[in-house]
Amino acid sequence: MESRIELIRGDITKLEFDAIVNAANKSLLGGGGVDGAIHRAAGHQLLEECRTLNGCETGEAKITMGYQLPARHVIHTVGPVWRGGNNREDELLASCYTSSLEVAVNNQCKTIAFPNISTGIYGFPKERAAMIAINTTKEFLAKSKTIIKVIFVCFDEENYNLYKNRLNEVGKA
Ligand code: AR6
């Protein structure tokens, strides 16, 4: 069977997928990094819809429309801030991937793109985050046939190389 996991280097706001995932903060009212890029590209209606959601807990996910984005939906998830590794960071990051995939399935999204959640402003070690992202996604796909494509979108070369190596090691789903 052809792989359902793909890797690209680029800008997630350009992708025409059923859903792109936003690495948001608990307010869901915008910020820097990929969150800022998504809000800029989607337009002010995204912020208006986000205001109705009453925020989001770390490790959870909520969906909106994509507005002016080529993607139909945005799934907003809140990654953990890295605080040394003993504050459930691994578990919470894994939960971002699982929750986002569950939200996708519940909203008939079959193609979904992820950024490298928590590895920018939130400071999560990149290699550790890549392993969690890939392992969690593979586990989910093994149990769910609904999702036909998951794409990891790496903005920086370091993340891209880490993902490439890891995917070569473990094989794709
Ligand atoms: N497309 C894909 N990936 C991107 C893009 C883009 N256009 N822009 C940045 N990245 P970050 P976090 C990558 O900091 O660590 C915001 O202020 C970036 O290179 O966006 O989860 C929120 O509001 C990095 O690898 O998110 C929160 O307050 C990855 O996206 C906070 O930042 C994640 O970096 C969340 O921090």
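**Sheet, then one tyrosine**

I looked up the sheet and found it open, with six strands in the order S1-S6-S5-S2-S4-S3 and mixed pairing; strands here are DSSP E runs of at least two residues, helices H or I runs of at least four, both numbered from the N terminus, and two strands pair if DSSP finds at least two bridges between them. S1 (5-9) and S3 (61-65) are the edge strands, each with a single partner, so one side of each has no neighbour in the sheet. I noted that neighbouring strands are turned by 25° against each other on average, direction ignored, with axes fitted to C-alpha atoms (for helices over the stretch in contact) and angles taken from 0 to 180 degrees between N-to-C directions.

The model is predicted, and local features need pLDDT of at least 70, side-chain atom pairs count only at pLDDT 80 or more, and totals for chains, interfaces and linings use all residues. Residues are numbered from 1 along each chain as its sequence is written, and side-chain values use heavy atoms, with hydrogens and water left out.

I then followed S5 (residues 111-114), which runs parallel to S6 (residues 149-154) and is joined to S6 by four bridges; Phe114 has Phe152 as its bridge partner in S6.

From Phe152 I moved to Tyr163, eleven residues along the chain, with 8.2 Å between the C-alpha atoms. Tyr163 lies in helix H5 (residues 157-170) and counts as buried because its relative accessibility is 1% (buried is under 20% relative accessible area, exposed over 50%, partly exposed in between, with a 1.4 Å probe and protein chains only).
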